[in-house]
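Below is a short briefing on a predicted model.

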Amino acid sequence: MSATDRDRRPAVTRGRRQLLPHQHGAWAFLVLPLLLGLCVAGWSVLLVPLAFAWIASYPFSWAVAASVSMPRPERYRDAVVLWGVVSAAAGLVVLLQRPWLVWVLLVYGAAFAVNLDFARRRSERAIANDLLLVAECSLVVPVAAGVLAGGDGWEPPWSAMSGSAVLVWTVVCVLTLVGSTLHVKSLIRERRDPRYTRASQAFAVASVPVAAALALVGGVPWWAVTVPLALLAGRALWLHDPTMRPGRLGMIELVCFVAVVAGGAAARLAG
């Protein structure tokens, strides 16, 4: 995953090296698909190195992108090395057990090249890049489910799993993250553009029947997806306040993400 921020800290700190990005909400985007994959496939000890590799890839990719887009790339060198080593070491543990992840790495490598192009053009905040980041995060749902379900060959073991459930929760992850992206943009960076407000609310409302229909086809309890997505629709309609502080906005989004994971956990228990 890749995102860069302009440094808004006081001038006295601008010369210091940075190890972590300032986008705190991005961490929830990383954890959500991991937990949904866990809900689909169940526990495996490989979740630990997988989580380390995936979560460390965010500050690593952020530092790489900042190195090509910011005027002082040396400030991010330590972060590139630190998080690159952590992500590679943890990822190698999983890759040795699940060699089919090589194909996944090729896909992510191509996607990251596009992210870097956005960064070079200082367009990393573009909605197209945001949607690509959502796709990169959501792909972790089937990847994590495949890793946790087993299968040590060159093909993911999705055929031996409840493939429909993997698809349902991957789509739910997409709907959740796209809805969150539109909602936050409509309240912060694009609060003066009413099109983002309309898009956020329309998307959130439409997500509920789409997910419900997919759940019925995929054999997932309809209430497990409709209840959390209805909560997201409610926050888009009735908690749309451009004066809301970012901290409070982040907490509301976190509650919504927890509700989605709770739906996934409840569906597993019911199944």
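**Confidence**

The protein averages a pLDDT (the predictor's confidence in each residue, from 0 to 100) of 90, and 92% of the residues score at least 70. Residues are numbered from 1 along each chain as its sequence is written, and side-chain values use heavy atoms, leaving out hydrogens and water. In this predicted model, local features need pLDDT of at least 70 and side-chain atom pairs count only at pLDDT 80 or more, while totals for chains, interfaces and linings use all residues.

- Over residues 1–14 pLDDT stays under 50; the model has 40 contacts (heavy atoms within 4.5 Å) beyond four places in sequence for this stretch.
- Where pLDDT is low, the predicted coordinates should not be read in detail.

**Nonpolar cores**

A nonpolar core is a set of buried (under 20% relative accessible area, 1.4 Å probe, protein chains only) Ala, Val, Leu, Ile, Met, Phe, Trp, Tyr and Cys residues joined through side-chain atoms within 4.5 Å.

- The largest nonpolar core has 64 residues, and Leu32, Trp169 and Leu177 are among those with the most contacts inside it.
- Helix H7 (residues 163–187) gives the most to this core, with ten residues.
- Beyond its neighbours within four places in sequence, Leu177 is in contact with Phe29, Leu32, Val134, Cys137, Ser138 and Phe257.
- A second, separate core of five residues includes Val64 and Phe112.

**Helix pair H9 and H10**

- Helix H9 (residues 222–238) packs with helix H10 (residues 246–270) at an angle of about 170°, and their axes are 8 Å apart.
- H9 and H10 are therefore roughly antiparallel to each other (angles over 145 degrees).
- Residues of this contact include Trp223 and Arg235 of H9, and Glu253 and Gly263 of H10.

Terms used
Buried means under 20% relative accessible area, exposed over 50%, partly exposed in between (1.4 Å probe, protein chains only). Helices (H or I, at least four residues) and strands (E, at least two) are DSSP runs, numbered from the N terminus. Axes are lines fitted to C-alpha atoms, for helices over the stretch in contact, and angles run from 0 to 180 degrees between N-to-C directions. Angles under 35 degrees count as roughly parallel, over 145 as roughly antiparallel, 65 to 115 as roughly perpendicular and the rest as oblique.
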